[in-house]
Amino acid sequence: MQGWRSVAACGLVLGAAFWVTSAAAAEADGKAMFIDSCTQCHQTPGVENAGNIGPVLSDMKERFPDRSQLAAIIDDESKRNPQTVMPPFGRNLIRTKQQIDTIIDFLYAR
Ligand code: HEC
């Protein structure tokens with residue numbers, strides 16, 4: 001019985017370690033995509049050397065509590081502002097829905 005208990009404990013530790021590592025990997029993915037697609041125009045806390053064509057993206061959770069509103073802007077900002085220079089990342093398939101989701105997770109931590 002003792003053996004099973006340590007196997008279960010070991011599983012828990014591994015599970016927790018996996019959860020922490022995958023959360024860190026998602027954060028790194030979000031940052032990489034942000035640097036690739038967004039820093040030409042947007043600054044955000046924790047990212048160096050970004051442009052300022054668009055507004056600074058900080059306090060995102062407070063400013064955009066509705067996740068779908070933020071997703072809509074990244075999907076196609078021209079729906080809100082037909083004159084925008086921001087590329088329609090979702091509509092033009094520059095980023096998948098899942099990638100946009102990962103970028104939003106990254107932004108929600110800024
Ligand atoms: C070519 C420049 C450019 C790029 C690249 C760009 N944006 Fe934008 N973005 C803008 C501009 C300019 C605005 C200001 C609003 C408008 O033009 O309608 C904006 C607005 C926004 C807003 C609304 C901010 C607010 O405070 O109202 C968000 C959120 C946003 N962008 C996210 C992103 C994300 C995420 C990416 C990368 C996937 C990105 N943008 C890439 C130019 C850009």
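This section describes the helices, the ligand shell and selected residues of a predicted model.

Helix α1 covers residues 2–37. With 36 residues, α1 reaches 52 Å from its first C-alpha to its last, close to the 52 Å expected at 1.5 Å a residue. The helix is hardly covered, and the count of buried residues among its 36 residues is two. Ala16 lies in helix α1 and is exposed, with 10 other C-beta atoms within 10 Å. The C-alpha atoms of Ala16 and Met86 are 39 Å apart in space, and the two residues are 70 apart in sequence. Ala28, also placed in helix α1, is exposed, with 12 other C-beta atoms within 10 Å. Because a residue counts as exposed if 12 or fewer such atoms lie within that distance, a count of 12 still meets the cut-off. Between the C-alpha atoms of Ala28 and Thr102 the separation is 9.7 Å, although the residues are 74 apart along the chain.

Helix α4 spans residues 97–108. At 1.5 Å a residue, the 12 residues of α4 should span 16 Å, and the end C-alpha atoms are 16 Å apart, which agrees. The buried residues of this helix are Ile100, Thr102, Ile103, Ile104, Phe106 and Leu107. These buried residues pack against α1, α2 (60–63) and α3.

Helices α1 and α4 pack at an angle of about 100 degrees, and their axes lie 8 Å apart. The arrangement of α1 relative to α4 is therefore roughly perpendicular, since angles of 65 to 115 degrees fall in that class. On the α1 side, the contact is made by Ala26, Glu27, Asp29, Gly30, Lys31, Met33 and Phe34. Helix α4 contributes Gln99, Thr102, Ile103, Asp105 and Phe106. By class, the residues of this contact divide into five nonpolar, three polar and four charged. Of the α4 residues in the contact, Thr102, Ile103 and Phe106 are listed among the buried residues of that helix.

The ligand is surrounded by 21 residues, of which Cys38, Cys41, Gly54, Asn81 and Thr84 are the closest. The shell consists of 13 nonpolar, six polar and two charged residues. Its largest share, three residues, comes from helix α3, which comprises residues 67–75.

Asp75 is placed in helix α3. This residue is partly exposed, with 17 other C-beta atoms within 10 Å. Not counting residues up to four places away in sequence, Asp75 touches Pro88, Phe89, Gly90, Arg91 and Ile100. Ile100 is one of the buried residues of α4. The C-alpha atoms of Asp75 and Val56 are separated by 18 Å, and these residues are 19 apart along the chain.

The phi angle of Asn49 is near 55 degrees, a positive value in a residue other than glycine. Asp59 lies in the loop between α1 and α2 and is exposed, with 10 other C-beta atoms within 10 Å. For Asp59, phi is near 50 degrees, again positive in a residue other than glycine.

Gly51 also lies in the loop between α1 and α2. This glycine has 11 C-beta neighbours inside 10 Å and so counts as exposed. Leaving out residues up to four places away in sequence, Gly51 touches Thr39, Gln40 and Cys41. Cys41 is among the residues closest to the ligand. Cys38, another of the closest residues to the ligand, is 13 residues from Gly51 in sequence, and their C-alpha atoms are 8.9 Å apart.

How values were computed
Residues are numbered from 1 along each chain as its sequence is written. This is a predicted model: local features need pLDDT of at least 70, side-chain atom pairs count only at pLDDT 80 or more; totals for chains, interfaces and linings use all residues. Axes are lines fitted to C-alpha atoms, for helices over the stretch in contact, and angles run from 0 to 180 degrees between N-to-C directions. Helices (H or I, at least four residues) and strands (E, at least two) are DSSP runs, numbered from the N terminus. Angles under 35 degrees count as roughly parallel, over 145 as roughly antiparallel, 65 to 115 as roughly perpendicular and the rest as oblique. Two residues are in contact if their C-beta atoms, placed from the backbone, lie within 7 Å. Ala, Val, Leu, Ile, Met, Phe, Trp, Tyr, Cys and Pro count as nonpolar, Asp, Glu, Lys and Arg as charged, and the others, Gly among them, as polar. A residue is near a molecule or strand if its C-beta atom, placed from the backbone, lies within 6 Å of it. The expected span of a helix is 1.5 Å times one less than its number of residues. A residue is buried if 20 or more other C-beta atoms lie within 10 Å of its own, exposed if 12 or fewer, and partly exposed in between; C-beta atoms are placed from the backbone.
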